[in-house]
Amino acid sequence: PHVRATLRGAKFSDGTFNIGPMVHWVYFTMDMEHKIIYLFEPASYASEDHGHQLIRMMKDMVDDDLRPFGLDDQWLTRIVTPANGLPSQCDGKSCGVYAALIGEHIATGRNVPAIDLESIAEQRAHMFAVLQQVPPSP
């Protein structure tokens with residue numbers, strides 16, 4: 001019920017999304033008012049179909065309650081790529097780190113910086129340190 005109530009009143013919804021069947025994570029922002037999904041894709045795997053998959057997944061979370069979402073075909077998917085200024089993924093294994101880094105910068109209103117192997121290592125170390133500070137669940 002909490003997720004449903006939150007989504008009904010939300011103007012935007014953000015998060016990470018695995019666009020399998022390969023394990024590949026992207027960061028997304030959903031503009032609930034204008035029905036636009038932005039997939040932030042530092043590699044080249046995301047497609048419009050992934051936007052439709054995201055809508056179906058979100059509907060499943062709210063037991064198919066269409067009020068926050070409307071119909072799948074009402075949504076437009078925009079894929080933000082390196083051609084749009086997003087940093088390009090520099091290896092084939094850091095998509096989750098990229099998704100987290102992109103989300104952090106969007107949430108704080110900062111531009112996403114250029115990312116290289118050294119900054120990926122620093123970000124992984126930062127994420128590990130943060131996770132070590134989180135107390136275990138009861």
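Leaving aside neighbours within four places in sequence, which residues is Leu54 in contact with? Select Leu54 and display the residues around it: Phe17, Phe28, Met30, Ile37 and Leu39 are in contact with Leu54, contact meaning heavy atoms within 4.5 Å.

The model is predicted, so local features need pLDDT of at least 70 and side-chain atom pairs count only at pLDDT 80 or more, while totals for chains, interfaces and linings use all residues. Residues are numbered from 1 along each chain as its sequence is written, and side-chain values use heavy atoms, with hydrogens and water left out.

**The cores**

Together with Met30, Ile37, Leu39 and Leu54, they have the most contacts inside the largest nonpolar core, which has 16 residues. A nonpolar core is a set of buried Ala, Val, Leu, Ile, Met, Phe, Trp, Tyr and Cys residues joined through side-chain atoms within 4.5 Å. At least two residues of this core come from each of β2, β3 and α2 (48–61). Helices (H or I, at least four residues) and strands (E, at least two) are DSSP runs, numbered from the N terminus.

Now select Tyr27, Phe40, Ala99 and Ile102, which are among the 6 residues of a second, separate core.

**The aromatic pair**

Keep Tyr27 and Phe40. They form a tilted aromatic pair, 5.9 Å centre to centre with 50° between the planes. Rings of Phe, Tyr and Trp (its six-membered ring) pair if their centres lie within 6.5 Å; planes under 30 degrees apart count as stacked, over 60 as edge-to-face and the rest as tilted. Tyr27 is in strand β2 (residues 25–31) and Phe40 in strand β3 (residues 36–40), so the pair ties together parts that are 13 residues apart in sequence. Tyr27 counts as buried at 8% relative accessibility, and Phe40 counts as buried at 13%. Buried means under 20% relative accessible area, exposed over 50%, and partly exposed in between (1.4 Å probe, protein chains only).

**Around the loop between α3 and α4**

Move to Val112, in the loop between α3 (95–107) and α4. Val112 is partly exposed, at 22% relative accessibility. Not counting residues up to four places away in sequence, Val112 touches Pro87, Ile102 and His105. Leu86 is 26 residues from Val112 in sequence, with 7.0 Å from C-alpha to C-alpha.

Then select Arg110 and Glu104, which form a salt bridge with the closest N and O atoms 3.5 Å apart. The rule asks for a side-chain nitrogen of Lys or Arg within 4 Å of a carboxyl oxygen of Asp or Glu. Arg110 is partly exposed at 41% relative accessibility, as is Glu104 at 31%.
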